[in-house]
Each structure stands twice: as structure tokens, then as C-alpha cells.
Amino acid sequence: PPASQNNEQGSTLRDLLTTTAGKLRLGSTDAGIAFAPVYSTGTASGKSGRTMPNILDDIIASVVENKIPPNRAPKMNVKSEIKDEPKDDKKCIQDDCSKRYSDIQYSWICDKHVLWLRDHKNSNNWKLFKECWKQGRPVLVSGMHKKMNFSLWKAESISLDFGNQQADILNCKDSIISNTNVKEFWDGFEDVSKRQKVKNGETALLKLKDWPSGEDFKAMMPARYEDLLKSLPLPEYCSPEGKLNLASHLPGFFVRPDLGPRLCSAYGVAATKDHDIGTTNLHIEVSDVVNILVYVGIAKGNGVLSKSGVLKKLEEEDLDDLLRKRLKDSSELPGALWHIYAGKDADKIREFLQKIAKEQGLEVLPEHDPIRDQSWYVNRKLRQRLFEEYGVKTCTVIQFLGDAIILPAGALHQV
């Protein structure tokens, strides 16, 4: 500020925060907090005691009460603090994990980009998960169906209980949505002859989109809701009551993300002529997501690929060796093919898709975002071009029955 304004009131917020950040501790007086941090003094059960501090109040109190002359240089030595921090990069994790977490069954897949936790029952899984989650990388947990009541999730069971409901059904190929009877969708789930036909006589690729969802799920399917909740992987993070599930514990004045759960059901692409389409186009979720494959239907009828044909199609993908090994395991049932991208690559992917749209003669409007609009399924040829022209590599994951895929907010994916 000008010399005339060079007084205490001229202190910038940046000055205040940089000199305070290193000192702020609960109950600290040397940080200049004029009053104690605000605590909640009671719980739902009526027990008293200190709980989570109101960090926002702490910071505001610190900033308001700390009046620092603007000419005083901050004492915090940022470089030295950073230097003293333990290394937490990708290599460090992978080198140390085998020693530190020898009691956990795990592997790295997708060029060591995805952590695969192989024993869902291990109560120490969350410790290794935490290390990986700090890097913003996806995690796969297998075997969740072993904890579930499998009969609840069969297509015929859901159809029997809820077939008279109305819901939005999406035709994945042309993105046409219609409101129709749920029974019609489930009748064709494993019987191709009962599926809708489109104008050219092809079998429609349908998706029952987010039905039911959130509170509707809990109200409509209480038994399935309870079965899902008791079977969630890494309950410390994924359970609504998990102590590390921050979204569940946000104060009421925050706009909460939709925490679900929601049921996503779709026909398999294997029964269609065009295998270059997906049931979920490329998009980004605004919150962390756990997706559990609770049921895989085996479609029957004319034109449907046999199981060996499906496996052959999947083997044509750019797969990790461990995933190829799982494909050959007769006890494993593959059900969904995922392509995942890191959030840091979003701008490159957006630019690439706009470029492809122009090549195809499509109008590219400035207000349209190909990722936000979920208007693209990036097929194999495009994935190859994306890597060759922009250096963005696709992480390909096969989701088998009972697999839980946990994605960090901001990760791009298609299914």
C-alpha cells in the first residue's frame, strides 16, 4: 500500500494467513486467538464433551485478532518446512508398501496407477487406501458380493418387486430418454428377444438411469439399502457413518453433493452390433464415488456373443497382465469395462474432443463442454489418437462381479 496507508489496517489477508498458518493449533494462544475455538458440546445421545472444532471459526478468529504490521516479514520458512515433509510420491508409496503393509493382500494394476485390494475383509485395508487416496488415484476392492445377499440383486427379483414402477429409460446409442414401465426393461435384461428394437431393426441398448436414487432408494428398497450399506468397502471412508467420510459430516449450511446410493442398470454392449458405444459416456463426478458391481446378467438370444466371444473382445483391450489373468479365471465373471483418466488431463481431453468434433463437421459452440455434456464415448481409435497426439494414456479396468471401483472426485471415466 502507499506510505500514507502503511499502518496496521494495511495488513493484507495474505500476510495474516502466512504468519498464522504455521502457528494455528487448537487452543493456541501464541497464534493470537483472542478466544477459544468453538466446539460442539453435545451429541445426539445427549452425552457432553468436546467434538470436532469449528475450523472456520478458528481461522476467522485468528485473522481478525492478529494485527500484524505490514512491514514485518513473515517468520514462516516455507522452503525448510517443505524440505522436512516426508516424501509422499508414487515411487515412495510403491517401494515402502510391501514392507509397511505386509499383512494386506494387494497389487498395483494399470501401470501402477490403480491400487487393487484383494481381500475385502482385511480391517487394515484403509491404511494402505489412505496412502493411495492422497495421490488422487483410483482403487479397486474385489469380493464385495461375498458379503451381500445375492438373491436381492437378481434382475428377476427386482423386476418382480418393482416392475410396475415408471422410470426414465435411456437409449444409449441415440440418447433418447423415455418414461416407461420398469418391467419392460428387466424383461429384456437377459432375454434379447424381449428387448426393444430401433427403426433399422437393431436391438436397443437401454439403461435404467439412476433408478432409484438417494432417499427414494432407501424408501423403496429398504432391504437392499441395508444390504448395500453393510457390504460397502473401506467403511471408514465409504459408509455414511464412516469417521473419514467428510461429506457425510458436513454442517447443514453446506450444499451437500448427492451421496446416493443410486442403482445404475444397463444392457450389455455385447448384444449390439456396434461395440464402439458405451452405457455411460465420458464424464466427471463432483464427489468421490464407489461403484459396486452387484449383478452380471448373461444375455441369451440370437446374435449375442458367447462367453468366449465376450472374453475375446475384452482381451483386445489394452489390459494389465493381472487383469488378463483374472479373465482366464473361470470363477471370475466380468461385467463392465471402464476407461479412466486423471483429472489433470481434463483440459487436454476437452481440447481433443473439440478437435474431433470439428473434424466430423459438428458445430462446436463455446458454451458447450464435451465432458460436462457427456456427449462422447471415446472408442479405441480415438483413445489411441488421444495418446499419440496429446500424450494422455487411458487406464483400462475390467470390473468383475463383486468389484468395487472407488474414484476420486474429478477423475474422468466412461463405462
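Colleague: In strand β2, which residue is the bridge partner of Ile 109?

Modeller: The bridge partner of Ile 109 in β2 is Val 114, and please keep in mind throughout that we are reading a predicted model. That bridge belongs to the pairing of β1 with β2, which is antiparallel and extends over four bridges. Between the two strands of this hairpin there are four residues, and Cys 110 takes a positive phi near 55 degrees.

Colleague: Which way do the residues of β1 point, and are they buried or exposed?

Modeller: Tyr 106 and Trp 108 point one way from β1, while Ser 107 and Ile 109 point the other way, and all of them are buried.

Colleague: In what order do the strands of the open sheet come, and which of them are the edge strands?

Modeller: The sheet is open and has five strands, in the order β1-β2-β3-β12-β9, with mixed pairing. Its edge strands, each of which pairs on one side only, are β1 (106-109) and β9 (289-292). On average, and with direction ignored, neighbouring strands of this sheet are turned by 20 degrees against each other.

Colleague: What is the general idea for reading the direction of residues along a helix, and which residues of α6 are buried?

Modeller: An α-helix has 3.6 residues a turn, so residues three or four places apart point the same way. In α6 (residues 155-162), the buried residues are Ala 155, Ser 157, Ile 158, Ser 159 and Phe 162. Among the elements that cover them are α7 (182-187), α8 (214-220) and α9 (222-230).

Colleague: Why does Val 182 count as buried?

Modeller: Val 182 counts as buried because its relative accessible area is 0%, and the cut-off for that word is under 20%. Val 182 lies in helix α7. Leaving aside neighbours within four places in sequence, its contacts include Phe 162, Gln 166, Leu 208 and Trp 211. Val 182 and Gln 166 are 16 residues apart in sequence, and their C-alpha atoms are 5.7 Å apart in space.

Colleague: How many helices and strands does the protein have, and what percentage of its residues count as buried?

Modeller: The secondary structure comes to 14 helices and 13 strands, and 42% of the 415 residues count as buried. Of the contacts with a separation of 6 or more, 70% are between residues 24 or more positions apart. The protein exposes about 23,700 Å², of which carbon and sulfur atoms supply 52%.

Key. Residues are numbered from 1 along each chain as its sequence is written. This is a predicted model: local features need pLDDT of at least 70, side-chain atom pairs count only at pLDDT 80 or more; totals for chains, interfaces and linings use all residues. Side-chain values use heavy atoms; hydrogens and water are left out. Buried means under 20% relative accessible area, exposed over 50%, partly exposed in between (1.4 Å probe, protein chains only). Contact means heavy atoms within 4.5 Å. Two strands pair if DSSP finds at least two bridges between them. Axes are lines fitted to C-alpha atoms, for helices over the stretch in contact, and angles run from 0 to 180 degrees between N-to-C directions. Accessible areas come from the Shrake-Rupley method with a 1.4 Å probe; for residues, only the protein chains shown count as cover.
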